[in-house]
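Hi everyone, thanks for coming.

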Amino acid sequence: LNRSKLSEGDILFSIAGALGRVAIVDKKILPANTNQALAIIKIKSEEKISKIYLLKALSTDFIKKQCEVMKKGIAQMNLNLQNISDLQIPQPPKENQEEFAEYVLKVEGEKNSAREQKDNLLKKHEDLITKYFR
C-alpha cells in the first residue's frame, strides 16, 4: 500500500484504459491510494521542473503522440511505468516554467470565476421564471 499512497501535489497519469489523462492530487481527497491504472509522479523540491508546467506538458498532443507509439494491448491499451519515464518532455529554464505556471493559475482562476458568474446568472434566471410563470 505504501507505493500506491497519494500525497498532496502528486501528479497522476492514467496508464490503462483512457491513456494520458492527468490530474494533480488535492489535499481534500487525502488520505487516499490508487491502483495500477495510474502512475504517480512525485516531484522532489530539487527537481528542475515546475509541477504545473509538467501537468500541462503531460496534457499536450506531443505527449499523447508519444503514448500512442508506446501503448500495448489488445482489449485494453496500457502503458507501463518505464514508458512514463521515457516520455520526452520539453524543459525550458525553470524561470520560464514558473512564469507559465503563474499564467496558468491566473487563467484557471478567471475561468472558475466566470463559471461561478454563469451559474449565478442561470440560478437567477430560473428563479425569475419560477416567480413569474408558476
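Let me start with a term: a salt bridge is a side-chain nitrogen of Lys or Arg within 4 Å of a carboxyl oxygen of Asp or Glu. What you see is a predicted model, where local features need pLDDT of at least 70 and side-chain atom pairs count only at pLDDT 80 or more, while totals for chains, interfaces and linings use all residues. Residues are numbered from 1 along each chain as its sequence is written, and side-chain values use heavy atoms, with hydrogens and water left out.

So, how many salt bridges does a search of the whole structure find? The search finds five.

Let's look at some of them. Asp127 and Lys123 join their side chains in a salt bridge at 2.9 Å, N to O. These two are four residues apart in helix H4, so about one helical turn separates them. Helices here are DSSP runs (H or I, at least four residues), strands likewise (E, at least two), numbered from the N terminus. Asp127 is partly exposed, at 38% relative accessibility; that label covers what falls between buried, under 20% relative accessible area, and exposed, over 50% (1.4 Å probe, protein chains only).

Helix H4, residues 94–133, also holds Glu108 and Lys111, three residues apart. Their side chains form a salt bridge at 3.5 Å, N to O. Glu108 is partly exposed at 26%, and Lys111 is partly exposed at 40%. Together with Lys56, Glu108 and Lys111 are linked in a network of salt bridges.

Another salt bridge pairs Lys71 with Glu68, at 3.0 Å, N to O.

Now for the pockets. On a 1 Å grid over the protein atoms alone, a pocket is an open set of points where a 1.4 Å probe fits, with protein on both sides within 12 Å along at least five of seven lines; lining residues have an atom within 4 Å of a point. A volume is the space filled by probe spheres set on the points.

The largest pocket has a volume of about 310 Å³. It has 13 lining residues, and the closest to its centre are Ile41, Glu47, Ile49, Leu54 and Ile89.

The second largest pocket holds about 210 Å³. Among the residues lining it are Arg3, Ser4, Ile15 and Leu81. Which strand gives the largest share of that lining? Strand S3, residues 38–41, does, with three residues.
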